[in-house]
Amino acid sequence: MTPTRLTLTLTATTLILLTATGAHADDNPSVPPGTEPTAVAPVEVDGNDPDLKLPEGATLAEPKVLDIKQVVEEESGDERREDTNADVKFALQAEVLFGKDSARLGPEAKARIAAIAEEIRAQNATKVRVFGFTDDLGSSAHGDILSKQRANAVHAILGDTLNDPDITFEVRGYGEQYPIASNATEASRKKNRRVEISFPRG
């Protein structure tokens, strides 16, 4: 039976931060993608055009381009895909990939990661980010280590599957930083325990 997917369409300014490159998780992670503008205005706007009918003395603000973000999430929440004009991002819940408090990939994990590798190929991406996150249970130091180990495990499978020397990987572990849910309940903590794989659109 095909899993039910929910589709949301959101409008948001596209932002991306390119952090330090490397094949393994960084000991000093900075913020993940989502904080640097990428879009530019498609057309010049003449502030003196009489058709604009601006009040006397008024001026136009700097133009902005808003990307359309499409979010598709499995009803179970196991996998989430976000598409913008610039990027594709997959978020896989840790329970789908790993055992409890483990960085060892489970039997279902390789097939899911291989499917994402096919999408990377289809987009002709040459830069791939693999970021690990945990909930806030346990010590922060333990979460940092576990999220790095999980990101490295996913990176290893992606690298082997893609087998492309032209692809650069940025691999990081963020521990409990940047939660996407409150951590107040097990259901919300489950959303925070995730590995995100993102890459530019072709």
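**Contacts, a helix pair and an aromatic cluster**

Of the contacts in the protein chain with a separation of 6 or more, 69% join residues 24 or more positions apart. The model is predicted. The protein chain has 202 residues, and 37% of them count as buried. Its secondary structure comes to 4 helices and 7 strands. Read along the sequence, these elements follow the pattern β-β-β-β-α-α-β-α-β-α-β.

Start with two of the helices. Helix 2 covers residues 109-122, and helix 3 covers residues 140-162. They pack with their axes 9 Å apart, at an angle of about 55°. An angle between 35 and 65 degrees falls in the oblique class. Helix 2 and helix 3 are therefore oblique to each other. The crossing of helix 2 past helix 3 is right-handed.

Which residues make the contact? Helix 2 supplies K110, I113, A114, A117, I120 and R121. Helix 3 supplies V154, I157, L158, T161 and L162. Sorted by class, the contact has 8 nonpolar residues, 1 polar residue and 2 charged residues.

Now turn to the aromatic rings. A pair of aromatic rings is described by the distance of the centres and the angle of the planes. The count here comes to 4 aromatic pairs. One of them joins F131 and Y174. Their ring centres lie 5.2 Å apart and their planes stand at 80°. Planes over 60 degrees apart count as edge-to-face, so the F131 and Y174 pair is edge-to-face.

Where do these two residues sit in the chain? F131 belongs to strand 5 (residues 127-133). Y174 lies in the loop between strand 6 (168-173) and helix 4 (186-192). The pair therefore ties together parts that are 43 residues apart in sequence. Both F131 and Y174 are buried.

Y174 also pairs with Y178. Here the ring centres are 5.4 Å apart and the planes are at 80°, so this pair is edge-to-face too. Are Y174 and Y178 buried or partly exposed? The cut-off for buried is under 20% relative accessible area. Y174 has a relative accessible area of 0%, so Y174 is buried. Y178 has 29% relative accessibility and therefore counts as partly exposed.

The rings can also be taken as a group. F131, F133, Y174 and Y178 form one aromatic cluster.

Definitions and conventions. Residues are numbered from 1 along each chain as its sequence is written. This is a predicted model: local features need pLDDT of at least 70, side-chain atom pairs count only at pLDDT 80 or more; totals for chains, interfaces and linings use all residues. Side-chain values use heavy atoms; hydrogens and water are left out. Axes are lines fitted to C-alpha atoms, for helices over the stretch in contact, and angles run from 0 to 180 degrees between N-to-C directions. Angles under 35 degrees count as roughly parallel, over 145 as roughly antiparallel, 65 to 115 as roughly perpendicular and the rest as oblique. A crossing is left-handed if the near helix is turned anticlockwise from the far one by less than a right angle, and right-handed if clockwise. Contact means heavy atoms within 4.5 Å. Ala, Val, Leu, Ile, Met, Phe, Trp, Tyr, Cys and Pro count as nonpolar, Asp, Glu, Lys and Arg as charged, and the others, Gly among them, as polar. Rings of Phe, Tyr and Trp (its six-membered ring) pair if their centres lie within 6.5 Å; planes under 30 degrees apart count as stacked, over 60 as edge-to-face and the rest as tilted. Buried means under 20% relative accessible area, exposed over 50%, partly exposed in between (1.4 Å probe, protein chains only).
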